[in-house]
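Dear colleague,

I am handing over the structure below, and I would be glad if you could look through it alongside the notes that come after it.

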2 protein chains.
Amino acid sequence: MVIVVFLCLLILAPFPSSLGLWPIPRGLSAGTATVKLSSSFDIHVAFNNVPADLDDAIHRIKTHLKTDTFERLVVGRGSADANSVHRAFSIKDLTLSLTQNVTIRPVAVEVNTVGIEDRDESYILTIPAKGTQATLVANSTLGLFRGLSTFDFMWYHFDGEKYILNAPLRITDSPAFPYRGFSFDTSRNFYPVSDIKRTLDAMSWVKLNVLYWHIADSQAFPLQVAAFPELAARGAYSQEEIYTESDIKSVVKYANERGIDVVMELDTPGHTTAIGMAHPEHIACFAKSPWTKYANEPPAGQLRIASADTVNFAKKLFQSAIDLLDGTMMSSGGDEVNLPCWNEDEDTLAALEQNNQTIAQALDQFVQEVQGVMNANGKMPFIKSDMVLEHNVTVLNNTGVVVWKSSLDAVSVAQRGLRFIHQPSNYFYLDCGAGDWVGNNVLGNSWCDPFKTWQRAYSFDPYANLTTDQQHLVLGGQMPIWSEQSSSENLDQIVWPRLAAGAEVFWTGATLPDGNPRLGVNATSGVNAFARLNEVRYRLVDRGVKAIALQPKWCALRPGLCDVDS
Amino acid sequence: MVIVVFLCLLILAPFPSSLGLWPIPRGLSAGTATVKLSSSFDIHVAFNNVPADLDDAIHRIKTHLKTDTFERLVVGRGSADANSVHRAFSIKDLTLSLTQNVTIRPVAVEVNTVGIEDRDESYILTIPAKGTQATLVANSTLGLFRGLSTFDFMWYHFDGEKYILNAPLRITDSPAFPYRGFSFDTSRNFYPVSDIKRTLDAMSWVKLNVLYWHIADSQAFPLQVAAFPELAARGAYSQEEIYTESDIKSVVKYANERGIDVVMELDTPGHTTAIGMAHPEHIACFAKSPWTKYANEPPAGQLRIASADTVNFAKKLFQSAIDLLDGTMMSSGGDEVNLPCWNEDEDTLAALEQNNQTIAQALDQFVQEVQGVMNANGKMPFIKSDMVLEHNVTVLNNTGVVVWKSSLDAVSVAQRGLRFIHQPSNYFYLDCGAGDWVGNNVLGNSWCDPFKTWQRAYSFDPYANLTTDQQHLVLGGQMPIWSEQSSSENLDQIVWPRLAAGAEVFWTGATLPDGNPRLGVNATSGVNAFARLNEVRYRLVDRGVKAIALQPKWCALRPGLCDVDS
């Protein structure tokens with residue numbers, strides 16, 4: 001009997017049901033005391049020359065502590081805790097400090113100048129049960145920012161008080177994977193900058209750190225670049241649906257200050273029809289019919305990769321975009337190129353003959369050229385997995401591969417010794433399951449049916465099918481939204497709270513910190529992911545992000561009672 | 001060659017691609033002239049004693065004509081039409097008149113006092129190509145209201161002008177089915193009154209005429225009634241999540257003034273657990289575990305139908321709700337009763353023994369009792385199809401049956417000679433396809449997977465499998481939203497524009513007015529439903545309803561070009 005109790009404590013103690021942290025920290029000890037924030041609570045920094053973006057983050061949190069009204073998800077909400085809150089010790093301040101001999105740099109500079117695998121996001125956060133001072137220690141301002149995000153997203157509100165029920169609390173945390181992203185398609189339908197910034201805020205609360213910005217595609221080219229302003233002027237849906245250079249810089253700055261990298265994807269050579277609105281000379285099979293023969297989606301069209309002029313155009317386009325972008329990463333995309341499009345294009349055929357090249361050789365050269373531009377500008381290049389697995393193009397050794405078609409492709413990429421991120425359509429695509437959009441087909445499904453539930457995404461194992469030796473190749477992963485059937489009107493609803501599932505998979509890791517699975521029949525029962533994700537949802541709504549309900553509120557207030565096994 | 005052209009005209013002429021009416025009117029002749037509204041355009045009424053709600057509707061439309069900014073969905077948007085708009089004739093006014101010898105009553109009174117099968121919603125709207133006066137004639141203010149809705153939702157905006165491209169226009173219209181509804185679950189998660197009113201507005205624009213209000217369920221009882229205020233006080237999620245008597249009256253008035261009936265469903269005897277928060281004595285198997293044995297959804301619980309006290313309680317509850325409600329219809333629901341819940345309930349067993357009844361007899365009596373209350377108050381009673389088909393209860397002859405489990409059930413109901421509305425889960429359920437919400441099941445689907453696309457809903461045939469003699473039993477139909485995974489945060493997105501598909505099915509009918517199918521391989525190609533529904537979507541967004549995108553904007557601007565057969 002004693003042994004059983006002991007085992008239960010081992011399992012349950014690290015993740016008390018009344019502590020709704022998301023993602024689960026990698027190290028945690030928690031007590032059972034209630035503590036609240038003093039009415040004079042403040043956040044202090046124990047070093048000089050506090051970077052402005054860290055100071056801004058502190059101010060945002062102090063605002064949240066005033067404006068958040070999220071009450072704990074139990075019957076009676078905050079009133080269930082009123083007595084213990086009334087009697088609780090008050091925390092007077094949180095003090096931030098850096099370990100010794102650390103160069104103090106803005107959060108944005110940590111994000112922009114340190115390679116994604118070399119950053120230090122670790123932090124230690126302590127909240128006493130009886131003392132008055134909480135502490136946050138890290139090796140970098142970026143680590144402090146992550147610890148602040150934990151502190152920012154953990155308090156319960158009731159009757160003017162902010163409290164937790166699990167002091168003393170000691171969180172020793174760092175991410176399992178360096179790359180934790182969200183891929184955002186802003187081409188098929190346009191999203192205003194305010195949508196992107198709201199999304200970045202929410203991403204930062206769950207410690208996502210990459211906005212992979214699929215900014216342009218065949219349908220529209222909303223990106224304004226100095227070298228070719230005509231691309232947006234003619235290729236965007238309207239003059240109001242353009243990301244100006246100022247918008248881009250503003251988004252990148254906003255992201256970086258929140259510990260988030262912007263990896264812009266200029267998807268090439270496919271998915272580029274909209275370039276032809278201004279430069280038809282660079283596009284093969286421009287809007288050619290039937291599109292089903294020449295592209296995966298309407299309208300057909302892709303860059304004339306065999307043309308020296310087009311290669312130069314692409315290089316100049318990448319350079320002009322890079323001039324707008326801080327950071328150490330960029331992507332040339334590369335998914336879904338279509339061979340009939342080139343094989344029937346007279347300009348391409350003539351160029352291939354002149355160059356004495358096959359289309360495969362031209363494609364290989366094209367990729368090397370744009371990778372060369374990224375490399376020359378200090379950007380780690382990313383590329384879509386079909387370029388490597390289906391077209392066997394030559395890539396730089398430091399390339400990050402975006403594995404997207406199927407989770408099974410990860411093994412093939414790993415076998416080539418390339419680093420990669422997981423973006424499997426069979427687990428992570430947020431837009432699947434909404435039906436057919438290419439006609440009146442009554443029985444039509446989306447190609448990646450069914451809808452990817454949060455449970456499905458959350459069950460993803462980043463190390464599945466990989467050997468131990470291959471595990472270091474996993475940089476992390478990202479959940480994408482493709483916008484054929486999404487727009488500003490449903491951004492929050494299609495993304496949240498499901499995106500938080502990916503955030504925990506890649507922060508907390510392939511398993512729970514104790515090695516147990518996060519979900520499924522073998523999951524540790526004490527880690528109630530559903531209850532914690534409900535909390536994320538209600539916290540997001542409280543802050544104005546229109547995350548969808550995962551359950552009737554009756555269930556959200558009674559964790560576990562709606563589960564089929566209860 | 002001449003014959004081919006002639007055939008094309010026959011097919012295309014009735015539904016010009018540049019006239020985005022939704023639903024398709026049942027009679028239409030259209031020309032090719034552009035006309036615009038004069039800067040001094042006004043709406044006049046050719047009779048005295050104009051009811052206030054008709055006058056309000058006119059004012060709303062005049063406001064829309066000032067505030068709408070929807071431009072036609074073509075490349076270049078409104079600028080594509082600028083020249084023809086510049087040269088177009090101006091319409092100076094729209095004159096509303098009633099046919100002779102008609103009693104002038106408010107729209108709300110037409111809705112409230114005339115049975116749903118006896119209303120006259122027909123109207124004739126003419127818009128001249130060269131004259132200056134448009135006319136709207138009807139046999140009732142309700143007919144005028146429907147015609148105004150057509151007028152309200154047809155204009156294109158550009159550069160301060162409102163215009164159409166298909167004058168002269170003569171629309172001779174009336175609905176194919178009298179009942180065209182939306183079923184709204186406000187129990188599983190709560191929606192503020194403002195959400196309901198916004199939905200009512202949008203419903204009226206596409207001529208839906210019934211809000212079937214599934215106001216309470218097992219998870220929450222947000223309905224405040226005078227006889228039992230404790231039901232909401234204890235059964236609602238919170239004091240802020242209650243529909244007060246004043247709210248109910250306000251919603252009903254708002255609906256009625258927009259030509260919409262409110263059919264409140266007090267779902268009984270199942271789906272009533274929340275009543276037990278205030279009155280546990282009336283609920284069998286109250287929150288009993290495991291819920292999977294005692295209910296289709298958590299928490300378990302249903303009315304003790306064999307108890308005389310509970311029957312009296314139910315009758316008083318219906319009466320108290322009726323006291324709040326205008327209108328000629330009401331519903332006692334009745335879906336998904338659970339026999340083990342009653343069979344293991346000692347109170348129920350004792351009452352059955354005392355009454356010398358079987359549970360089937362008690363159920364039959366219960367239904368007759370609540371139908372009796374509705375009938376005594378002049379309400380046509382509605383009931384869910386399983387009560388009739390699975391439990392064989394006795395219902396009043398004028399009962400309307402809500403056929404919901406499967407579209408195939410309609411035949412069985414028709415064979416009993418009962419009138420019914422279509423609400424088939426395999427065509428119309430707006431919430432399907434969002435995955436499992438009762439636990440962490442990674443492979444979980446929603447029970448009514450997959451997602452019901454607009455194409456699926458739109459393809460529904462109200463007369464499928466019915467004999468000609470049975471067709472008169474079809475009152476119409478409704479698409480429902482169940483709110484286990486929906487809430488205020490995604491109401492617009494989950495409902496619109498898909499609900500418009502149901503609106504056209506039941507206004508325009510089982511086929512197009514010319515007898516051709518609306519959709520599918522045999523559909524008349526000239527009726528581009530996708531293009532018109534895109535227009536509905538953009539019009540809704542323009543008016544602040546966050547309807548989701550059905551396609552990339554590139555496709556929406558180029559009707560047909562994204563279809564798989566193009």
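The notes below take up the contact between the chains, then the contact between the domains, and then the salt bridges.

Please keep in mind that this is a predicted model, in which local features need pLDDT of at least 70 and side-chain atom pairs count only at pLDDT 80 or more, while totals for chains, interfaces and linings use all residues. Residues are numbered from 1 along each chain as its sequence is written, chains are lettered from A and ligands numbered from 1 in the order in which they are written, and side-chain values use heavy atoms, with hydrogens and water left out.

**The two chains**

Chain A can be laid on chain B by a turn of 180° and a shift of 0.0 Å along the axis, with an RMSD of 0.0 Å (a least-squares superposition on the C-alpha atoms of residues with pLDDT of at least 70 in both). The two copies are thus related as by a two-fold rotation axis, and the same surface serves both, since 100% of the contact residues of chain A recur in chain B.

With contact taken as heavy atoms within 4.5 Å, 58 residues of chain A are in contact with 58 residues of chain B. The area buried between the chains is about 4600 Å², of which carbon and sulfur atoms give 58%; buried area here is the accessible area (1.4 Å probe) that two parts lose on being put together, summed over both. On the side of chain A, the residues that lose the most area to chain B are Asn440(A), Glu489(A) and Trp554(A), which together make up 14% of what that side buries.

Between chain A and chain B there are four salt bridges (a side-chain nitrogen of Lys or Arg within 4 Å of a carboxyl oxygen of Asp or Glu).

Helices H9 (291–294), H17 (454–458), H20 (529–542) and H21 (553–556) of chain A each supply at least two residues of the side that touches chain B, and the largest share, four residues, comes from H20(A). Helices here are DSSP runs (H or I, at least four residues), numbered from the N terminus.

**The two domains of chain A**

Chain A is divided into domain 1 (11–174) and domain 2 (179–509), with bounds from an automatic or database domain assignment, and the C-alpha centres of these domains lie 35 Å apart. Their contact takes 28 residues from domain 1 and 28 residues from domain 2.

Together the domains of chain A bury about 2500 Å², 55% of it on carbon and sulfur atoms. In domain 1, Trp22(A), Asn112(A) and Ile116(A) lose the most area to domain 2, together 27% of what that side buries. Three salt bridges are counted between the domains.

**Salt bridges elsewhere**

Over all chains the structure holds 59 salt bridges. Among them, Glu504(A) pairs with Arg532(A), the closest N and O atoms being 2.9 Å apart; this pair links helix H19 (residues 498–508) to helix H20 of chain A, across 28 residues.

With best regards
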